Amino acid sequence: MADQADETEPVVEVQHSVEVEAAGEIQPAGEIQPAVEDPGFTPGDEGSAGEGELPPTATNAGSGTDDGNPAVPGGSDVRAGNVGRPPRVGRGAAEAAGAPGLLDGSDGRGVSAFRPLPRVIAVANQKGGVGKTTTTVNLGAALADLGYRILVVDLDPQGNATTGLGIDARNFEHSMYDVIMHEMPLEDCIEPTSVRNLFVAPATIDLAGVEIELVPAFSRELRLRRAVVTVLEDFDFVLIDCPPSLGLITVNGLAAASEVLVPIQCEYYALEGLGQLLRNVHLVASNLNDRLEVSAIVLTMYDARTRLAVDVAAEVRQHFGDKVCRMVIPRTIRLSEAPSFGQPITVFDPSSRGAVAYRELAKEVSNGATKRAG
Ligand code: ADP
Ligand code: MG
């Protein structure tokens, strides 16, 4: 859109200084601390991760960004001044580049690495409005169309994945609140959707209470994992739609998953906060769930007409290599209209660009894995 381009252009101009400052600005331990503590890694807990126990890579990240993380391609070019072109991803690129080596490609496990079914994928990014729910719902529907059995777990008290799949709060009795707070069997709250093979474990606003009510509870970080394990035989993929925060609910999502899929919106400040997310993933991986890996980054709301989007996409690929899905999700009105009809895009407008994109993404993410559930 022309007006969008106009809005963003001046911002791009000032990028150099913002970027350079960002490297030093975002790293103080004090800023990491709340997000680390909130999830409940308080001293005395299993594998407590207080300030002093942050993984060395995380604490080093701040001071280390100037030199760049050698394993991050292009991670140091901006600070070193040897730029071929100006950076455009905005504040946060340096932070992300300096985050623990989860995304530096050095684990050799890109999107297309072999991962056996069933797969439990947390869709997470603590920023709101980046396309987590849209991706969970539509990737889930597209995977279901490929014949996989899919469970979408709605972990956001807003319940957007629930309503976006046509499930009305008045029509179900139990929700993820009961599963997490009262350890109700997960299978008792699973609802079928209008799409064959696609099921949802719904959320309502009650779930917001979990962040507080669960704090004194025993093994509070592992509630979801214990629930998910009980239904794994029935599904090929479990997709967990996380809320826009790094609190206890998201920690439950990460602890239950074996993979994290991170949607990144192709806008200015695209990578802001990403380092913090990656540090939290790293903390969960080292304290609760050593299988956890960031397996995919999905570029969302891509508008090829804006230079900003093109540059953000290039920058994200430069940093994160083969973790970034080849398929990019375009910004389209149809994708934003579908939820109000309670339908995934594959039903709402199967031939639209958004539907095509999510179908391609589903092929890429599933990588032709043999279905195992019936
Ligand atoms: P999150 O779950 O990360 O908060 P959502 O998936 O709810 O983000 O998306 C935020 C808003 O942007 C919603 O109104 C959604 O309909 C819209 N949206 C998401 N992806 C796209 C897209 N590719 N094109 C246009 N609108 C989109
Ligand atoms: Mg959401």
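This is a predicted model: local features need pLDDT of at least 70, side-chain atom pairs count only at pLDDT 80 or more; totals for chains, interfaces and linings use all residues.

In which sense do strand β6 and β7 pair, and over how many bridges?

Modeller: Strand β6, which covers residues 259-265, pairs with β7 in the parallel sense, and the pairing runs over seven bridges. To find one spot in this pairing, look for V260, which stands opposite V294 in β7. In general, the strands of a sheet pair through backbone hydrogen bonds, and the sense can be parallel or antiparallel.

Now step back to the sheet around this pair. Seven strands form an open sheet in the order β3-β4-β2-β5-β1-β6-β7, and the pairing across the sheet is mixed. Two of these strands, β3 (191-192) and β7 (293-300), are the edge strands, each pairing on one side only. In the strand order, β6 stands between β1 and β7.

The space it takes is the largest pocket. Two elements, α7 (132-145) and α15 (333-337), each give two or more residues to the shell around ligand 1, with α7 providing the largest share, three residues. In total, 14 residues surround ligand 1, and G129, K132, T133, T134 and P330 are the closest. For K132, a polar side-chain atom lies 2.9 Å from an oxygen atom of ligand 1. For T133, an N or O atom in the side chain is 2.9 Å from an oxygen atom of the ligand. A polar backbone atom of T332 is 3.0 Å from a nitrogen atom of ligand 1.

Notes:
Residues are numbered from 1 along each chain as its sequence is written. Chains are lettered from A and ligands numbered from 1 in the order in which they are written. Side-chain values use heavy atoms; hydrogens and water are left out. A residue is near a molecule or strand if one of its heavy atoms lies within 4 Å of it. A polar contact is a pair of N or O atoms within 3.5 Å; within protein, one must be able to donate a hydrogen and the other to accept it, and residues adjacent in sequence count only if both atoms are side-chain atoms. On a 1 Å grid over the protein atoms alone, a cavity is a set of points where a 1.4 Å probe fits but cannot get out, and a pocket is an open set with protein on both sides within 12 Å along at least five of seven lines; lining residues have an atom within 4 Å of a point. A molecule sits in a cavity or pocket if more than half of its atoms lie within 2 Å of its grid points. Helices (H or I, at least four residues) and strands (E, at least two) are DSSP runs, numbered from the N terminus. Two strands pair if DSSP finds at least two bridges between them.
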